[in-house]
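This report describes one protein model for a reader who has not seen it before. Please look at the sequence and the structure below, then read on.

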Amino acid sequence: MPVRLTYAVLIITIVVIAIVVLAPGVTASRGGKSLAFVALFIFPILAVALGYQHHMDRSRETSFCLSCHLMEPYGRSLHVDDATWIPASHYQNNRVPRDEACYTCHSDYVMYGGIKAKWRGLHHVYAQYMQDPKPPLHLYHPYNNRECLHCHLGARSFEEGTTHNADSAIMADIKSNKMSCLTSGCHDQVHNTTKLTEVKYWEER
């Protein structure tokens, strides 16, 4: 939704409400009553809906997530020049859209999907401004392989990978989340923010 349209509706809403409040005489006629109804109910609802949609779209952006001071180290970890760092490798090689990197890998934590996901996303905003959270951050629950399989399921490199097929039970355990991609010792280098002063960084061109 274009930002200009949202602001235009907001400005029109304020102007029309101001007319009704400052010149209540206009509501004496039938047309004036209709204007008052539109000013006090229809336009405000439309303005809120457009604003909500704009901010929901914006909350998918990596820049939105990294706008919180506490998230700055996690943003830096995306530029670590080491292929074993899973978020950095995915970000730098466009395995995830760079402008929606956080949302892509943590979609169960943002304001999309079910009620619980929306609540967690809103809680992040609340915590940022009201609770003064301290690092290191912890997930509400262990990272689910589901977030990896959104992209990797069906991919040849995943389905035919030697390690994934070393034993007939491994692939089944990965797909059922019995064996974690991140904590099983295979892909365990994630956002290690305690090591950021010891690593080399990739400079995006």
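The largest nonpolar core has 9 residues in all: Y143, C148, L149, F158, I170, M171, I174, C181 and L182. Two elements give two or more residues to this core, α8 (145-152) and α10 (168-175). The largest share, 3 residues, comes from α10. A nonpolar core here is a set of buried Ala, Val, Leu, Ile, Met, Phe, Trp, Tyr and Cys residues joined through side-chain atoms within 4.5 Å. Buried stands for under 20% relative accessible area, exposed for over 50%, and partly exposed for values in between (1.4 Å probe, protein chains only). Helices (H or I, at least four residues) and strands (E, at least two) are DSSP runs, numbered from the N terminus.

This is a predicted model, in which local features need pLDDT of at least 70 and side-chain atom pairs count only at pLDDT 80 or more, while totals for chains, interfaces and linings use all residues. Residues are numbered from 1 along each chain as its sequence is written, and side-chain values use heavy atoms, with hydrogens and water left out.

The protein chain is divided into domain 1 (3-58) and domain 2 (62-137), with bounds that come from an automatic or database domain assignment. Between the C-alpha centres of domain 1 and domain 2 the distance is 35 Å.

About 760 Å² in area, the patch is made by V3, Y7, L10, I11, I14, V15, I19, V26 and L35. Helix α1 (residues 3-22) gives the most to the patch, with 7 residues. L35 has its place in helix α2 (residues 30-58) and counts as partly exposed because its relative accessibility is 33%. Patches are made of residues with over 30% relative accessible area and no salt bridge; like charges are joined within 9 Å, and nonpolar side chains (Val, Leu, Ile, Met, Phe, Trp, Tyr) within 5 Å. Accessible areas come from the Shrake-Rupley method with a 1.4 Å probe, and for residues only the protein chains shown count as cover.

Salt bridges come next. Side chains of opposite charge can pair when their charged atoms come close. The rule asks for a side-chain nitrogen of Lys or Arg within 4 Å of a carboxyl oxygen of Asp or Glu, and by this rule the count comes to 7 salt bridges. The table lists some of them.

| Salt bridge | N to O distance |
|---|---|
| R60 and E100 | 3.7 Å |
| E204 and R98 | 3.0 Å |
| E160 and R156 | 3.0 Å |

R60 is partly exposed at 26% relative accessibility, and E100 is partly exposed at 23%.

The salt bridge of E204 with R98 links distant parts of the chain, 106 residues apart, with E204 in the segment after α10 and R98 in the loop between α5 and α6. E204 is partly exposed at 43%, as is R98 at 23%. In the pair of E160 and R156, E160 is exposed at 54% and R156 is exposed at 65%.

How many disulfides does the structure hold? There are 0 disulfides, a disulfide being a pair of cysteine sulfur atoms within 2.5 Å. The closest cysteine sulfur to that of C102 is in C65, 4.0 Å away, which is too far for a bond. For C68 the closest cysteine sulfur is also in C65, at 8.0 Å, again too far for a bond. C102 counts as buried, with 19% relative accessibility.
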